[in-house]
Amino acid sequence: MPALKELIQSADWKTEKHIPAVDAPAGAKKGEWTKITATVGKEIAHPNTTAHHIRWITLFFAPDGEKFPYQIARAEFAAHGESAQGADTSTVYTHPEVTVNFKTDKSGTIIASSYCNIHGLWESSKRIDVK
Ligand code: FE
């Protein structure tokens, strides 16, 4: 019986289209809002069809030396071409990208997770130093 962590895949976002690429400054100032963007398919586009798409991205912040992560954002991507006429007929789509304004006094790691409806769970992370 696998644990959830064993089902989360990881790779380089430049070569694996499911990985959420985290765009954040390497350094941030204490208490100042910092924009964090996570995008699936930044280098290699992931399919966005009714049958195959990215459902959500969740962002966590893990402060250095702390046991528990903080969830800082979650975006659901809910339109993938479906309509009353059937799959891939609406021309309405959401792109799997989310930007959030975030602040903290602590350095740590931004962890992004994403979910593809047929290829499961993926994650990546980016270090952020706060001074
Ligand atoms: Fe996929």
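I will take the metal site, then the core, then one loop serine.

A word on conventions. This is a predicted model: local features need pLDDT of at least 70, side-chain atom pairs count only at pLDDT 80 or more, and totals for chains, interfaces and linings use all residues. Residues are numbered from 1 along each chain as its sequence is written, and side-chain values use heavy atoms, with hydrogens and water left out.

Which residues hold the iron ion as protein donors? They are His18 (NE2), His46 (NE2), His52 (NE2), Cys116 (SG) and His119 (ND1), 2.1 to 2.4 Å from the ion. Donors here are N, O and S atoms within 2.8 Å of the metal (3.2 Å for Na, K and Ca); water is not among the atoms, so sites may look incomplete. The sequence spacing reads H-x27-H-x5-H-x63-C-x2-H. His46 sits in the loop between β4 and β5, His119 in the loop between β8 and β9, so this pair ties together parts 73 residues apart in sequence. Strands are DSSP E runs of at least two residues, numbered from the N terminus.

Buried or exposed? His46 is buried at 9% relative accessibility. His119 is partly exposed at 34%. The cut-offs: buried is under 20% relative accessible area, exposed over 50%, partly exposed in between (1.4 Å probe, protein chains only).

Now the core. The largest nonpolar core has 21 residues. That means buried Ala, Val, Leu, Ile, Met, Phe, Trp, Tyr and Cys joined through side-chain atoms within 4.5 Å. β5 gives the largest share, four residues.

Last, Ser90. Ser90 lies in the loop between β6 and β7, and is buried at 19%.
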